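Colleague: I would like to learn how to read the features of this model, starting with charged pairs. Please give the general idea and then the case here.

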Amino acid sequence: MRLILGSINGNYLRDIIEEAGAVGENGIATESVWAAVAYATDATDSGSLIRWCFDKGIPLKFWGRLDEEVPVRVEILNLFLNKRSPEFVCKLVKHHHAKVIWWRGFGVYIGSANLTYSAWNSNVEAGCFFYESEFDSQLEGDLNRLFVELDQNATMLTEELRDLMISRAKALEAKKVPSESFWQHPSIKHWSGLVHTSPKKAEDRRRSAFLAEWHSTLQILRDIGSNVSQAENRPQWVNATASHGAQADQFLHAHYYHRTFDGKRADYERFFELNKSNPVGALEQAIEWWRNLPSAPTNEDVAINVTANRLQEMLKEESLRKMSQTDFHQVASDVHAMIEFSRRVRNSIVGLQTSGVKYTIPEKLDALSKHVWKARSENGSGVTDVIHHILYEGSEDLLPERLWDAVADPKWKLECMGISAYGELVGWAMPDKFPPRNGRTSKALRSLGYDVQVHVS
């Protein structure tokens, strides 16, 4: 976590932008930007967030404030309208005063700074920046709920809304202040704002939202597994006895890495916009591509025919009870979510030197697996205890509820283990009942037009 105080401590938002736009071995750090910032007046400077997204071609969803004082400058509204792209979306929301910028794939700023020149350069502003490797499931879930709440109550930017803002700005300049006609405009979506709820009710809502989304996505994965495992859809290099869940996972793996990337950046949100009206058709095209592959494009044959069987054996109840640290490292080495998390986790978190050394992914994964192995939850459980609790301590039908416990209840929660890692582990243990699911799985599903949530932790 970094405290962003501008010249007070030398940490500026513009420094975050530079880091978020850095190009590494896996491409640019940021996949897209979600910005919920009430006031926006600066979009011309090359260091401004909106201009940066436009210039870099990084998809941007922006939620600004909607009121009669024109808190988002008309020039900014015009930028979005003139772009005419589903990858650059602007919406305005009543009762919105947040300042949250999520560089997805990189990290999030939560603070006081609006998108104004003074806020980013001269005002006294205060905020915190969290790398995604520092997220836990509650922070990620709450961020997603913030953006869902704003989106559900937002007014989409249209030329009519822009014209209303132009006329209102002229009225303010002429000191013709009454605003009754402004709020009567038919393009505005009215919303009374948030209603107070107790912490208990808020937690129940989080749990219910998670379970509803998880179950619906689970059925999509089961259907895909059933489809791709049919003889006429199965590539020649996939064993006929391979689990349906493993085939679904690796079909989505291949599709994601070979059919959604624009250079080194996953462009799954653009494909979502293209395919959301017909996900069935998009899936059929992807299966047509998959079944005609003469060989596995990125070792999917090994994952389906070898790795899946090894993981299933290692995650059986009796194997979990006697699992060693070395065994757990082997499991981590086979779990995509843990490998990806090892790329992003801060060196300091897993006990590595923070400067002067560039670690390889195997070195980072080794440090991560050792850190997780030593971690304990509030009830004293280690990682194998938590996995055992999810998989075997209750009926299979209630497994998703125990999965929620593992990521949300301090009694079971472990540092550096999130929903993507557990979702994938569950899938390799019980692939036909609960096909593996991680962040990459969800991105692949979105690229096919399915409106699922992408978990980053």
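Modeller: A salt bridge is a side-chain nitrogen of Lys or Arg within 4 Å of a carboxyl oxygen of Asp or Glu. Here R440 forms one with D249, and the closest N and O atoms are 3.4 Å apart. The pair links distant parts of the chain, with R440 in helix α20 and D249 in helix α9, 191 residues apart. Helices (H or I, at least four residues) and strands (E, at least two) are DSSP runs, numbered from the N terminus.

Colleague: What should I know about the model before going on?

Modeller: This is a predicted model, in which local features need pLDDT of at least 70 and side-chain atom pairs count only at pLDDT 80 or more, while totals for chains, interfaces and linings use all residues. Residues are numbered from 1 along each chain as its sequence is written, and side-chain values use heavy atoms, with hydrogens and water left out.

Colleague: Are R440 and D249 buried or exposed?

Modeller: Buried means under 20% relative accessible area, exposed over 50%, and partly exposed in between (1.4 Å probe, protein chains only). Both R440 and D249 are buried.

Colleague: How many salt bridges are there by this rule?

Modeller: The count comes to 27. One of them joins the side chains of E31 and K443, at 2.5 Å from N to O. E31 sits in the loop between β3 (27–28) and β4 (32–37), and K443 in helix α20, so this pair links distant parts of the chain, 412 residues apart. E31 and K443 are both buried.

Colleague: Which residue forms a salt bridge with R437?

Modeller: That residue is E213, with N to O at 3.0 Å. E213 belongs to helix α8 (residues 199–228) and R437 to the loop between α19 (419–429) and α20; they are 224 residues apart, and the pair links distant parts of the chain. E213 counts as buried because its relative accessibility is 14%. R437 is buried too, with a relative accessible area of 3%. Salt bridges can also be read as a network: D142, R145, E203 and R206 are linked in one.

Colleague: How do I read aromatic pairs?

Modeller: Rings of Phe, Tyr and Trp (its six-membered ring) pair if their centres lie within 6.5 Å; planes under 30 degrees apart count as stacked, over 60 as edge-to-face and the rest as tilted. The structure holds 22 aromatic pairs. For W103 and F129 the ring centres are 6.1 Å apart and the planes are at 65 degrees, so the pair is edge-to-face. W103 lies in strand β7 (residues 99–104) and F129 in strand β9 (residues 127–131), so the pair ties together parts that are 26 residues apart in sequence. W103 counts as buried because its relative accessibility is 0%, and F129 is buried with a relative accessible area of 0%. One aromatic cluster is formed by W34, W63, W102, F135 and F147.

Colleague: Which charged residue lies over the face of F88?

Modeller: A charge sits over a ring if NZ of Lys or CZ of Arg is within 6 Å of the ring centre and within 35 degrees of the ring normal. K83 lies over the face of F88, at 5.0 Å from the ring centre. Likewise, R222 lies over the face of F434, at 5.7 Å from the ring centre.

Colleague: Which residues of helix α10 are buried?

Modeller: In α10 (residues 268–275), these are Y268, E269, F272 and N275. They cover an arc of only 130 degrees around the axis, which puts them on the same side of α10. The arc is that of the directions from the helix axis to the C-beta atoms. What covers these buried residues includes α9 (244–259), α11 (279–291) and α20 (439–447); contact means heavy atoms within 4.5 Å.

Colleague: What is the phi of V70?

Modeller: V70 has a positive phi of about 55 degrees although it is not a glycine. Its place is in the loop between β5 and α3 (74–83), and V70 counts as buried because its relative accessibility is 14%. H95, also not a glycine, has a positive phi near 60 degrees. H95 is in the loop between β6 (88–93) and β7.

Colleague: How many helices and strands does the protein chain have?

Modeller: The protein chain has 20 helices and 12 strands. Buried residues make up 53% of its 457 residues.
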